[in-house]
Amino acid sequence: MSDVAKTLDASGLACPMPVVRTRQAIDQIESGQILEVISTDRGSLQDIPAWAESTGNELVEKEDAGDRFTFRIRKA
Amino acid sequence: MTPLARLRERGWEPPSGDVGRTAAREVREMSESGVSTKPEDGMVIVCWSGEIDKVWPQMILGTTGAAYGMDVTLFCTFWGLFTLKRPEVGITGDNWMTKMLGAFNNERLSHLNFGGAGPKMMRSIADRHKVAPPEELLATAMELGVRLAPCQMTMDLMGLKREDLIDGIEEPLGAAAAVSRMQNAKINLFI
């Protein structure tokens, strides 16, 4: 997998914090770099892709391990 | 105890001065990073209620809007103004009715009160499900540059002065200024 510039572990956080922390984390990387987000909140499965689409960032990968979800987002 | 009092107990202090505005400006400057920040990408939430079960969605949607790069205003009016009141400040008012308002605080006003058991129960359930308490969300909202705007008319009704409200918020607004922002906002909510 392409290099991840930053990993955000949002495990244990509930709505809306995974998206809020994702926003704060993506502000710390450069355009084109990849942010990896790990979440245990089931709502993230819908929320993170929706956020990425609306903000113009590209969701390049989404992994559903049942109780743990990993997203890789390329910053626009 | 008010949300702010609880927050202070845990050592959190609201940012001083014009922090909210500066952060909002920073959010706008991030527009080059692909986050859309056109004027029409505003969100206004008229925060009318001070009940914990309403303050929660006010804060959740406000912080999420900011995470979307939107210019978010929480216009705190009527009971919603209690969220911005310094915990040590009572409602003074100019007659017995407004003084009576001081006997309430936001959580005690909740429809789900049951003698205080309701809010306590909600907090405990929320805690078990790792949902951030309203005071943490308020702190996050401030960090994200959400504009917290108190309603001048409500302040007058309740006998509150600017210094009775917490730091890090905007100058009081009237209905017209609030409507101007709503006119420029894509999302307008009344909670």
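Let's start in chain B, at B:F78, which sits in the loop between β2 and α4, where α4 covers residues 96-101. Phi of B:F78 is near 45 degrees, and that is a positive value in a residue other than glycine. Please keep in mind that what we have on the screen is a predicted model.

How many bridges join β2 to β3 in chain B? There are 4, and the two strands run parallel.

For anyone new to sheets, strands pair through backbone hydrogen bonds, either parallel or antiparallel.

Next, the helices of chain B. Have a look at α3, residues 52-67, and α6, residues 134-143: they pack with their axes 9 Å apart, at an angle of about 30 degrees. Angles under 35 degrees count as roughly parallel, and so α3(B) is roughly parallel to α6(B). The crossing of this pair is left-handed. On the α3(B) side, the residues making the contact include B:W56, B:M59 and B:I60. From α6(B) come B:P134, B:L137, B:L138, B:T140 and B:A141. What classes of residue do we find there? The contact of α3(B) with α6(B) has 10 nonpolar residues, 3 polar ones and no charged ones.

From the N terminus on, its elements run β-α-β-α-β-β, which gives 2 helices and 4 strands. Along its principal axes, the C-alpha trace of chain A spans about 30 × 25 × 20 Å. A compact globule of 76 residues would have a radius of gyration near 11 Å, and chain A has 11 Å, so the two agree.

The peptide bond from A:C15 to A:P16 is cis, with omega near 5 degrees. You will find A:P16 in the loop between β1 (6-10) and α1 (17-26) of chain A.

Finally, how do the chains meet? In total, 16 residues of chain B are in contact with 18 residues of chain A. Which element gives the largest share of chain B's side? That is α3(B), with 4 residues. By class, the side of chain B that touches chain A has 7 nonpolar, 8 polar and 1 charged residues.

The axes of α1(A) and α3(B) come within 9 Å and cross at roughly 30 degrees, and that makes α1(A) roughly parallel to α3(B). This crossing is also left-handed. The contact brings together A:V19, A:V20 and A:R23 of α1(A) with B:T63, B:T64 and B:A67 of α3(B). By class, that is 3 nonpolar, 2 polar and 1 charged residues.

Terms used: Residues numbered from 1 in each chain as written. Chains lettered and ligands numbered in written order. Predicted model: local features only at pLDDT ≥ 70, side-chain atom pairs only at ≥ 80, totals over all residues. Axes fitted to C-alpha atoms, helices over the stretch in contact; angles between N-to-C directions. Parallel < 35°, antiparallel > 145°, perpendicular 65-115°, else oblique. Left-handed = near helix turned anticlockwise from the far one by under 90°. Contact = placed C-beta atoms within 7 Å. Nonpolar A, V, L, I, M, F, W, Y, C, P; charged D, E, K, R; others polar. Pairing = 2+ DSSP bridges. Rg over C-alpha atoms; globule rule 2.2 N^0.38 Å.
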